[in-house]
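Reader: Hi, I'm new to reading structures. Can we go through this one step by step?
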Amino acid sequence: MLSPFLFAIYLDDIIDYRLNGQSCYVILYADDILIIAQSVTELQRYLLICERELLWLGMSINIKKSCCMRIGPRYDAICNNILTTSGLGLPWVHEVRYLGVHLISAKHFKCNFDSNKRAFYKSINAVFGRIGRIASEEVVIELVIKKCLPILLYSTEACPINTSVAKSFDFIINRFLMKLFQTNNIYIIEDCRFHFRITLPSKLIETRSQRFVNKYNSVFNSFCKLFVR
């Protein structure tokens with residue numbers, strides 16, 4: 001049970017003093033390393049620092065699972081390859097997956113939730129495949145809310161959600177209810193949501209986001225303070 005904590009202490013040397021005072025942020029989660037730099041030159045320098053420290057610890061970077069991405073006004077500009085100590089280059093990509101969140105290269109911080117939707121549909125189909133029309137509507141709805149809805153809403157409290165994305169989440173829930181109650185009448189679906197006490201994802205995201213921001217603002221961390229609203 002202590003292995004995750006001991007591993008975190010083991011990797012803490014990467015940012016313990018090597019990057020102290022630098023305009024760079026390194027986020028560690030298990031063996032996943034995220035380096036945030038203000039320029040391509042700084043990113044190259046910080047990568048070499050982390051790589052040398054990992055080699056000193058008897059570890060190495062998995063080149064096949066590593067990549068670079070730009071976010072900002074010049075996100076689509078062509079950049080030089082970021083090279084490792086062995087001379088191999090890290091590819092520049094338009095989308096990267098980190099801790100289950102798909103980040104997109106854009107002018108502003110942006111996420112792609114298509115994987116959330118696919119996983120949600122997959123989980124719903126698994127529920128219908130198991131119980132079909134045997135279980136009551138109450139049982140199906142409870143299973144979807146407890147087991148499937150968290151998949152759809154994963155990371156939405158911490159990621160930017162615009163109106164169109166929120167409406168697309170609501171559309172998915174309404175389509176599920178139409179399939180469950182075998183109707184295309186949106187007014188009937190609204191009544192079903194009321195009587196079964198089903199809250200649309202757009203409302204849930206607002207509550208989750210506010211809770212996340214309140215908890216985030218209470219963290220005394222220099223990196224977190226950069227993004228305080």
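Reader: What kind of model is it, and how are residues numbered?
Author: Residues are numbered from 1 along each chain as its sequence is written. This is a predicted model, where local features need pLDDT of at least 70, side-chain atom pairs count only at pLDDT 80 or more, totals for chains, interfaces and linings use all residues, and side-chain values use heavy atoms, with hydrogens and water left out.

Reader: What is the mean pLDDT of the protein chain?
Author: The mean is 87, and 92% of the residues reach 70 or more. pLDDT is the predictor's confidence in each residue, from 0 to 100.

Reader: Where is confidence lowest, and where is it highest?
Author: Helix α9, residues 222-225, is lowest with a mean of 64. Helix α7, residues 186-195, is highest at 94.

Reader: How many helices and strands are there?
Author: The protein chain has nine helices and seven strands. Helices (H or I, at least four residues) and strands (E, at least two) are DSSP runs, numbered from the N terminus.

Reader: And the overall dimensions?
Author: The C-alpha trace spans about 60 × 45 × 35 Å along its principal axes. The radius of gyration of the protein chain is 22 Å, while a compact globule of 229 residues would have one near 17 Å. That radius is taken over C-alpha atoms, and the globule rule is 2.2 Å times the number of residues to the power 0.38.

Reader: Let's do strands. Which strand does β5 pair with?
Author: β5 runs antiparallel to β6, residues 101-104, and four bridges join them. Two strands pair if DSSP finds at least two bridges between them. Val-96 has Leu-103 in β6 as its bridge partner.

Reader: Which side chains of β5 are buried?
Author: Val-96 and Tyr-98 are, and they point to one face.

Reader: How many bridges pair β1 and β2?
Author: Six bridges, in the antiparallel sense, between β1 (residues 24-29) and β2 (residues 32-37). Tyr-29 has Asp-32 in β2 as its bridge partner. This hairpin has two residues between the strands, and Ala-30 takes a positive phi near 55°.

Reader: On to helices. How far apart are the end C-alpha atoms of α4?
Author: They are 26 Å apart, which agrees with the span that 18 residues should have at 1.5 Å a residue. The expected span is 1.5 Å times one less than the number of residues. Just after α4, Gly-132 takes a positive phi of about 50°.

Reader: What do the buried residues of α4 pack against?
Author: They pack against β6, β7, α5 and α6. The buried residues of α4 include Phe-120, Ile-124 and Phe-128. An α-helix has 3.6 residues a turn, so residues three or four places apart point the same way.

Reader: How many residues are in the largest nonpolar core?
Author: It has 28 residues, and Phe-120, Ile-124 and Val-144 are among those with the most contacts inside it. β6, α4, α5 and α6 each give two or more residues to this core. α6 gives the most, with eight. A nonpolar core is a set of buried Ala, Val, Leu, Ile, Met, Phe, Trp, Tyr and Cys residues joined through side-chain atoms within 4.5 Å. Apart from this core lies another, of 15 residues, among them Leu-11 and Leu-47.

Reader: Last topic, loops. Is Gln-182 buried or exposed?
Author: Gln-182 is exposed, because its relative accessible area is 63%. Its place is in the loop between α6 and α7. Gln-182 is not a glycine, yet it has a positive phi of about 55°.

Reader: Where does Arg-197 lie?
Author: Arg-197 lies in the loop between α7 and α8. Arg-197 is exposed too, with a relative accessible area of 75%.

Conventions
Buried means under 20% relative accessible area, exposed over 50%, partly exposed in between (1.4 Å probe, protein chains only). Contact means heavy atoms within 4.5 Å.
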